[in-house]
Amino acid sequence: MLSESSYSGEMEKRPLLSSKIISVRRSLLASFLASVMSFASGTVVGGWTAPEHPETAGEKMFMMETMEQSSWVVSIYLIGALLGALPAGGLSRTFGRKKFLLSLAIPMTVGWLFIMFFVDNVYLILVGRFLCGLSLGAVTVAVPLYSCDVAPDVCRGRGGVFLDFMLCVGILYSYVASSLLGLYAFALTCAIFPIVFCVLFWRMPESPLYLYSRGRYVDAKSALMYEHSYYNYSGSLVRGVWLNGDDFDITAAFDEFAKLQTEDDALPIEKNLQPAGRKGAFVKAVVLSLGLATAQRLSGAGAIIQYTAKLFSIAGSSVAPNTASIITGIFQLLGSGITIFLVDRVGRRKLLLVSSSVVVGCLAMLTLYFYFLNKGMLENSLKILPIIIVCTYISFFRLGLGPIPWFITTELIGADHSNRAQSCIVSYSWILSFVVMKTFVMLVDEWPVALWLGYTIISVIGYLFILFFIPETNNKHADEIRLSLAKTYHIHSS
């Protein structure tokens, strides 16, 4: 068995990877396959808009007696999501990122089977949606943690965006399938996706940091190094999995892992600043993460995605609501796909600023649109505007505000505290989402102008928050990020 490497003295500025050209394909593959579970989660989010007249509309998906029942069917997964997120960080640390992610296929599959077999029982549909929500909430915690563990600094952003991208793929699938299939067939197809995830992901490596923390040094080396045969800790001959090439500096990686196991080495700065600096960096990172989650959720994007068909119906759009939903689903997928190519080149901060500014502009236009609509001052030719505005909004939301808050917490806080912090912040995010979902239907019917104006004002505050407080984390080592937070200045890209 390999011996544990020690870390002493101040941090040496040596990279975890060699100076040769870094191949990130294996790390990105592992992150991508982990995010297949996010695709399964997207089927829970999209395609469940409550119809205005449940007894006559939406018969393929709903057989509810009241709008209140339909509203709960739409939103109950959010309660499951916030409850599923809370213990997810600790459980993934206890059992391992990979094992925990694989286990999340169970509640997701069982939830869809409940819906499939009890399509005429609203209460059992609620149970099924709740179980799916439990899995969804845990996925949004566990996938960023796994991606952070397996991805080097140069591709950390791309690995993080896969969660949002695959969520968009699942949402688009739901928009299309729910308009074509009955609830039974739709639920059947959705129950298959978690099983497909298990088949694809089970051969991926466990988190090397988790393996190291459990004293499984040979297994940790096998996960980091080139593929080879070896005897594991139980004496069985297995074929190793890989994340990096055979030129990888395993000693440097183990030194980094050893440092993360020692609380006193969390911030390699002057000793008289360590306790206060470490605490200050952690508190600041949590505040920044909560602020981003607030800006993300209270921009109203969740309600727009969930109630796209209803929104266009109210706005009097000339495009069929279901068609409009599919169109917006395509645009949000394109926006998230573009982010994959930009996030490690342009940086998180710039994408957040561009995304937030366009979101503010689109919300302001929706406010004006509904104001003039209520005044009866809109010509029929202008009723295509909601489609254009929402497609622009959702594309740019997915460019920055959508994907980045999910994983930037792991960058700001770092591996030593990210398990608990990610769980708490994601749960907070799902609480906000539930509030937005439950209030949207009432407010958009009664006070649409006030609703969109409120989203606009909050998004302006969110933009200013990003502009003045959010640091750049692109291609920065965890120590650099937390050191900058401890010393109360921000890292900006050159």
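1. Cys 155 is buried, at a relative accessible area of 0%, where buried means under 20% relative accessible area, exposed over 50% and partly exposed in between, with a 1.4 Å probe and protein chains only. Cys 424, by contrast, is partly exposed at 48%. A disulfide is a covalent bond between the sulfur atoms of two cysteines. Here it is taken as a pair of cysteine sulfur atoms within 2.5 Å, and by this rule the count is 0.

2. The model is predicted: local features need pLDDT of at least 70 and side-chain atom pairs count only at pLDDT 80 or more, while totals for chains, interfaces and linings use all residues. Residues are numbered from 1 along each chain as its sequence is written, and side-chain values use heavy atoms, with hydrogens and water left out.

3. The overall architecture is as follows. The protein chain has 22 helices and 2 strands; these are DSSP runs numbered from the N terminus, helices being H or I with at least four residues and strands E with at least two. Of its 494 residues, 57% count as buried. Among contacts (heavy atoms within 4.5 Å) with a separation of 6 or more, 79% are accounted for by residues 24 or more positions apart. The accessible surface of the chain, from the Shrake-Rupley method with a 1.4 Å probe and, for residues, only the protein chains shown as cover, comes to about 20100 Å², and carbon and sulfur atoms hold 66% of that surface.

4. The structure holds 6 salt bridges, a salt bridge being a side-chain nitrogen of Lys or Arg within 4 Å of a carboxyl oxygen of Asp or Glu. One of them pairs Glu 411 with Arg 156, with 2.6 Å between the closest N and O atoms. Glu 411 belongs to helix H19 (residues 404-413) and Arg 156 to helix H8 (residues 156-180), so this pair ties together parts that are 255 residues apart in sequence. Glu 411 is buried, with a relative accessible area of 2%, and Arg 156 is buried at 8%.

5. Asp 344 sits in the loop between helix H16 (321-342) and helix H17 (348-374), so the bridge links parts 186 residues apart in sequence. Asp 344 counts as buried at 15% relative accessibility.

6. A further salt bridge joins the side chains of Arg 398 and Asp 164, at 2.4 Å from N to O. Arg 398 is in the loop between helix H18 (385-397) and H19, and Asp 164 is in helix H8, so parts 234 residues apart in sequence are tied together. Both residues of this pair are buried. Through shared partners, salt bridges also join Arg 156, Arg 158, Asp 344, Arg 348 and Glu 411 into one network.

7. Helix H21 (residues 448-469) has 22 residues and reaches 31 Å from its first C-alpha to its last, close to the expected 32 Å; the expected span is 1.5 Å times one less than the number of residues. Its buried residues include Pro 448, Trp 452, Tyr 455, Gly 462 and Phe 465.

8. Asn 475 lies in the loop between H21 and helix H22 (478-486) and is partly exposed, with a relative accessible area of 43%.
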